[in-house]
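Please look over the structure shown below before reading on. The report that accompanies it is meant to be read alongside the sequence and the coordinates on display.

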Amino acid sequence: MNQRFRDPIFVMGLVALMYVVKAVLKITVGQMINSPMIAGDGFHNIADLFEAAAVITVIVVARRPSTVDYPFGRKNIEFFASLAIGASLLYMSFQFTVESLVGLLAMKPALDEIVRGYVSLPAYQPLVMSTKTLPWVLAVTAGSTALSVIVSRYQISVGRSSGHASLVADGEETASDGRIEAVTFVGVIAEYLFHAPWLEYPLGLVVAVLIGRTGFELFRSAWRVLLQHSLGEERESKIKEICLATPGIMGIFKLKTFQVGHTAVCLIDLETQRGHAAVIQIQYGIEYHLRQYLEEEGFKEFEFKLDFHLPLAKRHRVAYAIKKVDGKSFISPTLSQASHIWVCDIERGKVMRSTEEVLPENPLALLLRKHAFHLYVFDSAKENADSLEAVGIELHEAVSYLPELLGLHLEF
Amino acid sequence: MPQALNVFYRHSPRGENELAFAVDFLEQAGFDRLVLLLQEDPAFAQVMDGGGSEQRERLSRSILQRYSQISPAALSIKGYSPDEAHSPLFLEPGLLINRRPDLRVDYPVPVLVPCDEAGLCQRGKGPMLIPFGDGVSAFRSARVALPLAKTLGLKVVFYHTSWKNSNIDSDDPRDHICASARRTQAQLESDAGEMGVVYQTVIETTDDTVEGIVHCAMRFQCRLIALAKRIKPGIGCYVNLALKKSPVPLLIVGKTQGGAL
């Protein structure tokens with residue numbers, strides 16, 4: 001399709017033209033057949049014309065590129081428009097509900113009088129129509145409905161593909177207008193064919209609910225974007241799944257998501273123990289799959305901030321009883337057989353620092369002074385565990401007698 | 001011929017990673033047994049009667065307790081002396097699982113580098129990546145990797161990155177692939193087809209070969225990259241760079257290996 005037909009400004013221009021045509025026809029026909037309902041709808045379309053102008057302004061502002069002062073651009077302005085349109089649809093739904101109830105009450109004058117005794121309701125305005133004017137009324141209502149349906153779909157389609165929330169919201173409003181017009185059309189037909197204009201009113205209540213629901217959805221989604229609500233539990237859980245499916249990722253420390261305009265923003269703190277060279281590749285993989293997923297979810301742009309952290313250090317200190325033979329060091333079977341004690345600082349399971357102490361007369365005092373509350377020997381069965389436990393030192397059996405197999409060889 | 005998974009025993013995060021990966025891989029890839037290579041020093045006899053033979057029993061007991069999926073018959077512990085540590089000819093036929101292999105050493109079996117992963121498909125199943133160039137090295141890696149892919153039920157992605165030929169006016173990377181690489185591709189695809197391994201081929205023009213390989217592996221969520229050490233002498237090698245850059249486990253085939261596992 002020609003690019004111009006997919007341009008949001010062009011689309012809104014067409015929408016404005018549609019409102020002009022509708023307003024002129026409805027006001028003319030409304031006055032001709034003395035129908036305040038049709039004429040009033042025509043005046044409502046003049047108000048829609050101003051709304052269309054407002055949406056065009058919003059789109060122009062939202063299109064401006066991001067700057068230092070507006071790093072995410074000005075796309076959120078679209079959601080102010082969505083919020084306003086959502087609120088206006090909610091009001092429209094309320095108004096239409098009242099009008100339909102008034103129409104139904106008018107069928108039962110006694111009940112109408114009782115209700116009006118408690119609640120202030122607008123006056124019932126019956127449709128004034130003759131056989132002569134019927135074709136005009138049918139042409140205006142049916143034509144208007146068809147126009148609204150076609151234009152709303154066009155607006156929503158272009159709005160979604162171009163990422164303009166205000167265009168989508170305006171399209172939803174046009175669709176709601178179309179539903180109301182369709183109900184009016186049904187009322188006219190029912191009056192003419194069955195002399196049962198009341199049929200319009202229960203149908204009107206159904207349409208009011210649909211409009212209310214659309215208004216609420218628009219209002220809620222705009223509210224969430226403006227207040228930087230998260231992308232939602234389901235999306236966040238999929239984002240976590242993508243991260244954890246990526247090689248090199250051990251866990252997720254923190255995840256924050258929100259939306260600015262049609263930009264999905266993800267701030268993720270990840271756990272890995274890989275070095276910088278591998279982290280760059282991990283980042284590439286995560287961003288690639290996140291982008292694919294969020295694109296499927298309808299986002300147009302993405303902002304990822306991935307921070308990589310080492311696993312928690314879990315620092316603690318341990319001691320090894322060492323026996324030296326011919327210059328070689330071995331893990332001593334027992335503390336009493338040891339010639340030295342190695343005091344090691346452990347971080348993430350690795351020995352990060354160690355010192356060698358010649359076995360003193362009172363090794364337990366040394367261990368306590370060094371805060372080494374875990375002692376490793378090679379043959380724990382021969383060690384007096386009770387005396388160690390009495391002073392708060394836990395005895396462990398080393399799996400190997402070779403310090404290098406325990407990760408100790410480089411430290412001495 | 002029995003196939004063993006060789007693992008050097010180390011009581012450290014690195015050793016734990018190798019062991020966990022090996023146990024997981026043993027089950028999936030249908031290897032006969034896990035051979036734990038344990039350094040021993042006869043000098044310890046001067047410290048303790050029996051010379052530390054308890055070390056083997058203790059280790060065997062500890063591993064069988066921690067990994068209930070291994071049967072006692074599938075675990076063997078093989079001792080070696082400190083002098084043998086740098087020429088590991090004592091490895092049994094099969095594979096060596098090693099997180100930091102020394103590329104100067106010619107290991108007699110292919111080396112599987114876990115790259116910190118706890119298992120080959122613990123993050124879900126994904127294909128195996130076999131990069132190829134214009135030489136024969138990919139045939140060596142494919143000879144090991146394709147049977148493995150078949151056993152593991154993994155698909156294969158053949159990957160090639162070519163320099164852009166400035167004389168060819170095309171953005172399609174396939175138009176820039178040279179004749180010898182094209183022949184290699186055809187042979188690899190034919191081998192995979194004959195073995196019944198599902199494959200696809202990705203051709204790109206990237207300026208960094210190793211980054212291209214790793215990026216492709218990340219995009220396709222590959223679980224293993226099979227690379228062969230080059231035969232010609234030179235400075236630097238793709239395998240070494242891949243060891244630094246890849247978060248995806250690597251299967252490294254040596255200069256003289258290439259027999260099917």
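Predicted model: local features only at pLDDT ≥ 70, side-chain atom pairs only at ≥ 80, totals over all residues.

## Extent of the interface

The contact between the two chains draws 37 residues from chain B and 39 residues from chain A. Together, chain B and chain A bury about 3400 Å², with 58% of that area lying on carbon and sulfur atoms.

## Polar and charged pairs

Between chain B and chain A there are 17 residue pairs in polar contact, counted where both residues have pLDDT 80 or more. The interface of these chains also holds 3 salt bridges; A:Lys328 forms a salt bridge with B:Asp41, and the closest N and O atoms of this pair are 3.0 Å apart.

## The side contributed by chain B

On the side of chain B that touches chain A, at least two residues each come from β2 (33–39), α2 (54–66), α5 (209–219) and α6 (238–245) of chain B. The element that gives the most to this side is α5(B), with 5 residues. By residue class, the side of chain B that touches chain A comprises 14 nonpolar, 9 polar and 14 charged residues.

## A hairpin in chain A

Within chain A, strand β6 (residues 340–347) and strand β7 (residues 350–358) run antiparallel and are joined by 8 bridges. A:Cys344 stands opposite A:Ser354, the latter belonging to β7(A). The hairpin of β6(A) and β7(A) has 2 residues between the strands, and in this hairpin A:Arg348 takes a positive phi near 50°.

How values were computed. Residues numbered from 1 in each chain as written. Chains lettered and ligands numbered in written order. Heavy atoms only, no water. Contact = heavy atoms within 4.5 Å. Buried area = accessible area lost by both parts, 1.4 Å probe. Salt bridge = Lys/Arg side-chain N within 4 Å of Asp/Glu carboxyl O. Polar contact = N/O pair within 3.5 Å; in protein donor to acceptor, adjacent residues only side chain to side chain. Helix = DSSP H or I, 4+ residues; strand = E, 2+ residues; numbered from the N terminus. Nonpolar A, V, L, I, M, F, W, Y, C, P; charged D, E, K, R; others polar. Pairing = 2+ DSSP bridges.
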